[in-house]
Amino acid sequence: MLRQPGSIFRHRLATRMWHWITVITIFILIGSGAGILNAHPHLYWGKYGANFDHPWFNPPRMPSWLTIPGHYNLAISRRWHLLFALVLGFALLGFMVLSLINRHFQRDLRVRAAELRPQHLWADVKAHLAFRFHDPARPGAYNTLQKFSYVATIFVLIPLMIGTGLTMSPGMDAAWPWLLELFGGRQSARSIHFLAASALVLFIVVHLTLVILAGVGNELRSMITGWWRVPEEGA
Amino acid sequence: MSPILDRRTLVLGAAGLLAGCDRIAKVPAARKILFSGEAMNMGLQRALINRDALAPEFASTDRSRIFRSNGTSNPNTPDYDALAAGRFAEYRLQIGGLVARPLSLSLPNLRTLPQRAQITRHDCVEGWSAIAKWQGPRLGDLLKLAGMRDDARYLVFTCFDLFSGANYYESIDLIDAFHPQTILAWALNDALLPVANGAPLRLRVERQLGYKQAKYIARIDAVASLAGIGKGKGGYWEDVVDYDWYAGI
């Protein structure tokens with residue numbers, strides 16, 4: 001093992017596996033989703049929306065270096081998207097069940113009342129601006145803003161992607177018509193799907209930036225082996 | 001490693017992975033895995049969706065202002081033009097294949113059968129949706145008249161419009177064929193079905209996407225297998241660009 005003095009075991013196997021499965025899955029879903037968006041790059045609110053209706057937004061054409069496949073092919077984009085949508089959904093389900101059993105959620109992601117106090121949040125913002133991401137007293141714990149972003153991604157954004165994705169399926173609308181009530185119609189669901197995907201991209205950009213700032217080698221190793229070297233005081 | 005280099009590596013790595021996805025999709029074994037999603041999604045949906053679960057129906061006021069046309073807007077073949085010139089008085093829907101009693105039905109015949117009218121949402125594979133009212137006889141009623149043979153598994157719809165010289169075609173299985181909302185529509189929004197939308201008769205199979213809603217139907221055949229029809233994948237777009245045959249998602 002890579003166990004060294006000053007290292008702590010930070011990420012359990014279930015967390016690491018879900019993380020990397022989801023990295024690949026979301027990467028493919030964003031690429032193939034961008035390809036699908038190019039088929040009709042207009043977004044509407046409500047139950048219907050087509051060329052004669054008023055879009056609230058016309059996204060720019062997704063460039064070929066971003067789409068899967070790298071040329072316009074709606075059928076193949078859909079094949080990638082609808083296969084990996086299953087992986088995303090069932091991997092999240094598995095991760096949620098395991099994280100309740102191994103108490104990862106209760107231990108590491110539960111936001112405590114004290115963390116919501118304005119003084120604490122302000123102190124956390126200042127610590128981020130000073131590139132201090134760890135509490136020396138509890139180095140293995142996530143800081144509050146980090147917790148917020150993980151909780152928002154795991155419990156809000158990804159479930160929102162799955163829910164709005166299902167709402168776009170005419171078959172699922174027959175099985176679960178409440179999906180349409182929940183999201184305000186199929187075209188609203190499609191718009192929310194796009195907005196939530198954009199929020200996920202923003203999360204990924206911030207997440208990768210902070211991984212780099214916190215020390216890419218140490219962070220990557222901890223997400224591969226589980227072992228994380230506690231940064232020296234003041235470093 | 002400097003942070004700049006790391007970021008560069010990440011960007012280059014991402015671009016490489018995207019190119020990798022394209023290469024993977026061309027390997028036959030990988031393509032098989034990629035295409036296995038269709039069977040999984042169909043299996044899951046068929047397990048979750050009640051056989052007779054209805055697609056949502058809407059109020060009159062929910063309808064799109066304009067129901068756009070897509071695909072062929074006029075078949076423009078000599079046969080079709082002759083039928084259209086006669087306002088489809090000479091039109092006969094042929095129902096054949098694996099049935100006990102092949103049928104040949106005129107539009108007045110189709111209009112005297114029990115009718116179903118429904119305001120439903122049409123979802124194109126491209127992403128847009130439009131809501132309109134459709135009316136026509138239930139396909140299931142016609143199939144009962146014709147008498148399905150036990151070996152029939154699919155219904156194949158052959159259309160008047162030509163794509164690269166061959167007739168557009170689509171197919172559905174018996175679950176969708178006998179679904180209460182599956183109708184052969186001759187009316188759109190209380191008027192005769194316009195040519196742009198598939199006159200004189202189009203399929204409405206409401207729990208699937210737009211490319212399954214065959215327009216300009218010339219004949220319907222009950223078959224045991226889709227092999228040997230077109231390129232064997234069950235429809236024009238399925239054959240040509242590999243759209244999923246099951247279009248419930």
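# Chatting through a two-chain model

Colleague: Let's start with two helices: is the crossing of α1(A) past α8(A) left-handed or right-handed?

Modeller: α1(A) passes α8(A) in a left-handed crossing (the near helix is turned anticlockwise from the far one by less than a right angle; clockwise would be right-handed). Helices here are DSSP runs of H or I with at least four residues, and strands are E runs of at least two, numbered from the N terminus. Bear in mind that this is a predicted model: local features need pLDDT of at least 70, side-chain atom pairs count only at pLDDT 80 or more, and totals for chains, interfaces and linings use all residues.

Colleague: Okay, and which residues make that contact?

Modeller: From α1(A) you get Arg16(A), His19(A), Ile26(A), Ile30(A) and Gly33(A). α8(A) brings Ala197(A), Leu200(A), Val201(A), Met223(A) and Ile224(A). Contact means C-beta atoms, placed from the backbone, within 7 Å. Residues count from 1 along each chain as its sequence is written, while chains are lettered from A and ligands numbered from 1 in the order written.

Colleague: How many residues does each chain put into the contact between A and B?

Modeller: Chain A puts in 40 residues and chain B puts in 47.

Colleague: Which elements of chain A give two or more residues to that side?

Modeller: Those are α1 (13-37), α2 (74-101), α6 (170-175) and α8 (186-224) of chain A. The largest share comes from α2(A), with eight residues.

Colleague: What comes after α2(A)?

Modeller: Arg103(A) follows α2(A), and its phi is positive, near 65°.

Colleague: Zooming out, what does chain B look like overall?

Modeller: Chain B has seven helices and eleven strands. Its C-alpha atoms fill a box of roughly 80 × 45 × 40 Å, taken along the principal axes. Of its 249 residues, 40% are buried. Take the contacts in chain B between residues at least 6 apart in sequence: 68% of them join residues at least 24 apart.

Colleague: What about phi at Ser164(B)?

Modeller: Ser164(B) isn't a glycine, yet its phi is positive, about 40°. Ser164(B) is in the loop between β5 (154-163) and β6 (166-173) of chain B.

Colleague: Why does Ser164(B) count as exposed?

Modeller: Because Ser164(B) has 6 other C-beta atoms within 10 Å.

Colleague: Last one: what's up with Asp242(B)?

Modeller: Asp242(B) also isn't a glycine, and it has a positive phi of about 70°. You'll find Asp242(B) in the segment after α7 (236-241) of chain B. Asp242(B) has 19 other C-beta atoms within 10 Å, so it's partly exposed.

Note on methods: Two residues are in contact if their C-beta atoms, placed from the backbone, lie within 7 Å. A residue is buried if 20 or more other C-beta atoms lie within 10 Å of its own, exposed if 12 or fewer, and partly exposed in between; C-beta atoms are placed from the backbone.
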